[in-house]
Amino acid sequence: MIPLEEARAHVLARVQRLDTVERETDAARGLVLAEPVVAAEPVPPFDNSAMDGYAVRAADTEGAPVELDVVGTLAAGADPAGVHVGAGQAVRIMTGAALPEGADAIVMVEATTVLDGGRVRIATAAAREDHFRRAGEDIALGDVVVGAGTVLTAVHLGVLASIGAAKVSVVRRARVGVLSTGDELVEGTAPLRPGQLRDSNRHSLIAHVAADGCKVVDLGLVRDDRDAVAAAITGASMSCDALLTSGGVSMGDYDEVKAVLSELSDDMRWMQMAIRPAKPFAFGTVGTMPVFGLPGNPVSSLVSYELLARPSLRKMMGHPDDDLDRPRLAAVAGGPLLRWPDGKVHFARVVACVDGGQIVVRSAGGQGSHQLAVMGAANALAVLPDGDGVDTGGAVDVIVTGELRPLPR
Ligand code: AMP
Ligand code: MG
């Protein structure tokens, strides 16, 4: 058996960052920016009012209350050319409207009273620049708005829109093939015949791959037949940047993925990792396509996706080295997380909740590698080093794979 870290390093050393493409900004959420974006416009583009109120000369409001003549109105979007605030005058102004010439402060509407005869009473004295928003206060002309290597979020899309950057240079999405292997597997809803099992791995893996920003190529179910597996993998290598297979990498007589990969790949390595679940794992490059031979047991398949395939796909899509893995956090065991010594690190499926500033974890249920429903109830993997596990109240690290929730009361 080899440590997980060795398998991870082996795989990460063999996957390459994909090429850079230009994309519509709005289609680039989750992608990694390949070149910095420099602001060709300032934001805000012009000096404007932060409040609904009156544009005034601050000196005129000394000794407030004072009364001023209202000489105009500026709404958001209005051109301020020709609007001027002279001595003893005010201009009605709305939030976001450009500042009129002559004004050096805004008095918010709450501090004013409209009077007869086109006049306004100002209740409190204004200081210079009160409620001014200056051009470029958000983004100055020439600023690097978003740096290379940034993973674009929903907020970044707005930031880029604010400077009119309609296209960005990003690392492209990986095209990832997903296939299941196993003579026992069936697709669809027809009643099962004896010995048959519905394929679940491909459905979870496809959803994972899509959620992780890749393009999915659904390669379906493949029989435990050497030629069929070889044809599927060779076919995938023509059109995919990476391939995830599940099943066929253990010690069984019909574990054909392992056999086929050792023929098709010059660097195929079959690993027995010192972890539970997900001990068996095969990896090899076919042409230039990395193939992740994930184990068939549903929980094992998804755990090895999390620990090995997902960081690799993220590396391919340009994520920096410190942004390949899920967050690993210190937590407290809210109940026993017991195990037995076997020379392996266990990744227990747990429910992690936030309680008074700390993360409390409890087992999600049975820890068999076929118990996928339990994993469905979990939102984290507790990392249990070799030994007897952790008692209630003990410290435990967790890999947070889902949403952290508040502790149910
Ligand atoms: P294998 O790794 O092919 O020996 O499969 C290990 C176990 O996982 C067996 O019980 C298989 O029936 C099961 N299995 C393999 N592939 C899948 C799949 N795609 N969906 C659900 N279970 C699977
Ligand atoms: Mg099998």
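This is a predicted model: local features need pLDDT of at least 70, side-chain atom pairs count only at pLDDT 80 or more; totals for chains, interfaces and linings use all residues.
**Stop 1: the open sheet**

Start by selecting the six strands of the open sheet, whose order is S16-S13-S17-S21-S20-S18. The pairing in this sheet is mixed. At the edges you will find S16, residues 215-222, and S18, residues 269-272, each of which pairs on one side only. Turn the view to compare neighbours: on average, neighbouring strands here are turned by 15 degrees against each other, direction ignored.

**Stop 2: a parallel pair in the sheet**

Now highlight residues 175-181 (S13) together with residues 242-246 (S17). These two strands run parallel and are joined by five bridges.

**Stop 3**

Move on to S20, residues 280-286. Is this strand enclosed or open to the outside? Seven of its seven residues are buried, so S20 is largely enclosed by the rest of the structure. Show the side chains and look at both faces. Pro-280, Ala-282, Gly-284 and Val-286 point one way, while Phe-281, Phe-283 and Thr-285 point the other way, and all are buried.

Next, look to either side of S20. Towards S18, the two strands run antiparallel and share four bridges; here Gln-272 stands opposite Pro-280. Towards S21, residues 289-294, the run is again antiparallel, with five bridges. Select Phe-283 and Phe-292 to see two residues that stand opposite each other in this pair.

S20 and S21 also form a hairpin, with two residues between them. Click on Gly-287 in the turn, which has a positive phi of about 65 degrees.

**Stop 4: the helix across the sheet**

**Stop 5: two packed helices**

Select residues 4-12 (H1) and residues 298-316 (H6) next. For H1 and H6, the angle is about 30 degrees and the axes are 10 Å apart. The two helices are therefore roughly parallel to each other, and their crossing is right-handed.

Zoom in on the residues that make the contact:

- From H1: Leu-4, Ala-7, Arg-8, Val-11 and Leu-12.
- From H6: Leu-307, Leu-308, Pro-311, Ser-312 and Lys-315.

Colour this contact by residue class and you will find seven nonpolar, one polar and two charged residues.

**Stop 6: a glycine in a loop**

Jump to Gly-188, in the loop between S14 (185-186) and S15 (197-198). Its relative accessibility is 42%, so Gly-188 counts as partly exposed. For a sense of scale, draw a C-alpha to C-alpha distance from Gly-188 to Leu-324: the two are 34 Å apart in space and 136 residues apart in sequence.

**Stop 7: strands S22, S24 and S25**

Finish with residues 328-333 (S22), 345-355 (S24) and 358-363 (S25). S22 and S25 pair in the parallel sense over two bridges, with Val-360 in S25 as the bridge partner of Val-332. S24 and S25, in turn, run antiparallel and are joined by six bridges; Val-351 stands opposite Arg-362 in S25.

Which residue takes a positive phi in the hairpin of S24 and S25? Pick Gly-356, with a phi near 55 degrees, in a hairpin that has two residues between the strands.

Key: Residues are numbered from 1 along each chain as its sequence is written. Chains are lettered from A and ligands numbered from 1 in the order in which they are written. Side-chain values use heavy atoms; hydrogens and water are left out. Two strands pair if DSSP finds at least two bridges between them. Axes are lines fitted to C-alpha atoms, for helices over the stretch in contact, and angles run from 0 to 180 degrees between N-to-C directions. Contact means heavy atoms within 4.5 Å. Angles under 35 degrees count as roughly parallel, over 145 as roughly antiparallel, 65 to 115 as roughly perpendicular and the rest as oblique. A crossing is left-handed if the near helix is turned anticlockwise from the far one by less than a right angle, and right-handed if clockwise. Ala, Val, Leu, Ile, Met, Phe, Trp, Tyr, Cys and Pro count as nonpolar, Asp, Glu, Lys and Arg as charged, and the others, Gly among them, as polar. Buried means under 20% relative accessible area, exposed over 50%, partly exposed in between (1.4 Å probe, protein chains only).
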